[in-house]
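Dear colleague,

Please look at it first and then read on.

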Amino acid sequence: MKRKNKVISMILAFVFAFGCAPLCNAQGEAVPELSEYGFVDCGDVKIEYGVCGKPDGEPLLLLPPNGGSMHSFDGNILPEMAKHFKVITVSPRGTGNSGWKEGTMNFETMSDDLVKLLDYLGIEKTNIFGFSDGGNLGFVFTLAHQDRVKALAVMGSNINTRGTKTSSQIGIVLKYFGLCIQAKITGDEKIAIKRDIQGMMVGQPNLTYDDLSQIKVPVLNIYGENDMIKRSHSKMITRSIEGAKEIMIIGGGHSSCFNYTDEIINPALLEFYGAE
């Protein structure tokens, strides 16, 4: 009984610590309030978005990792970025409160969603920061709509699955097949959504280094020394884009933007975007 009570107490402590407290970054800054929140109609689904920060600041579009939503950056880079930019956060289809439609979970469709979002907000050109799959989406979007991008910064991103370390990719594929089986047996839509989100890492994106050479906007490529993305792949991404800069975070893993927010990521982004 004592052991059971101890477990319950630990669970409750976790819930109150992480579920009830306001999100803050490493400096203890609270997440800024949204000045605008809503949904943009993308035809087959509606996409959730939020706007915060400086109303008259340069736009900065934040693109979350695989399965992440518009709140993925609340406890890390968002508070600082909101001091300098008009920040647009988004929940890609299938995440947050955004809609989902089977067969549409790919970077090209999500790129079209972003165009509709920017058009809806009246934004002609924006800075972009994308983490992991968010960076992959940033590359796909930039290649298709380079005239809408002022500068692109990515973190822990790959342009094809060959750029992921074999051990990590095997785990990704096994989890995907497990979700495929579970979705087939249960017919549960929530599991099907998880399957499709996970599936994006199995065969996407499918870009080449030659594709990247077409990018002419400023690019900053950030990755961890111990990232799940091959270091050789990350370096080739930088080399393939004329004038691109890179930062390798010593000791950092795939989630370095969350672990080194105030020491490295925020200063690097502000300098790269030329924030005042």
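In the lining of the largest cavity, α4 gives the most, with three residues; helices here are DSSP runs (H or I, at least four residues), numbered from the N terminus. A cavity is, on a 1 Å grid over the protein atoms alone, a set of points where a 1.4 Å probe fits but cannot get out, and its lining residues have an atom within 4 Å of a point.

This is a predicted model, in which local features need pLDDT of at least 70 and side-chain atom pairs count only at pLDDT 80 or more, while totals for chains, interfaces and linings use all residues. Residues are numbered from 1 along each chain as its sequence is written, and side-chain values use heavy atoms, with hydrogens and water left out.

The count comes to two cavities of 30 Å³ or more, where a volume is the space filled by probe spheres set on the points, which are joined across faces, edges and corners. The largest holds about 100 Å³, and of its 16 lining residues the closest to its centre are Pro65, Asn66, Gly67, Pro92 and Met110. Two or more residues of this lining come from each of α3 (107-121), α4 (133-144) and α6 (189-203).

The second largest cavity holds about 60 Å³, and its lining includes Ile47, Val90, Pro92, Arg93 and Met110. Here α3 gives the most, with four residues. By class, this lining has seven nonpolar, no polar and two charged residues, with Ala, Val, Leu, Ile, Met, Phe, Trp, Tyr, Cys and Pro counted as nonpolar, Asp, Glu, Lys and Arg as charged, and the others, Gly among them, as polar.

With kind regards

Notes:
1 Å grid on protein atoms, 1.4 Å probe; cavity = no way out; pocket = protein on both sides within 12 Å on 5 of 7 lines; lining within 4 Å.
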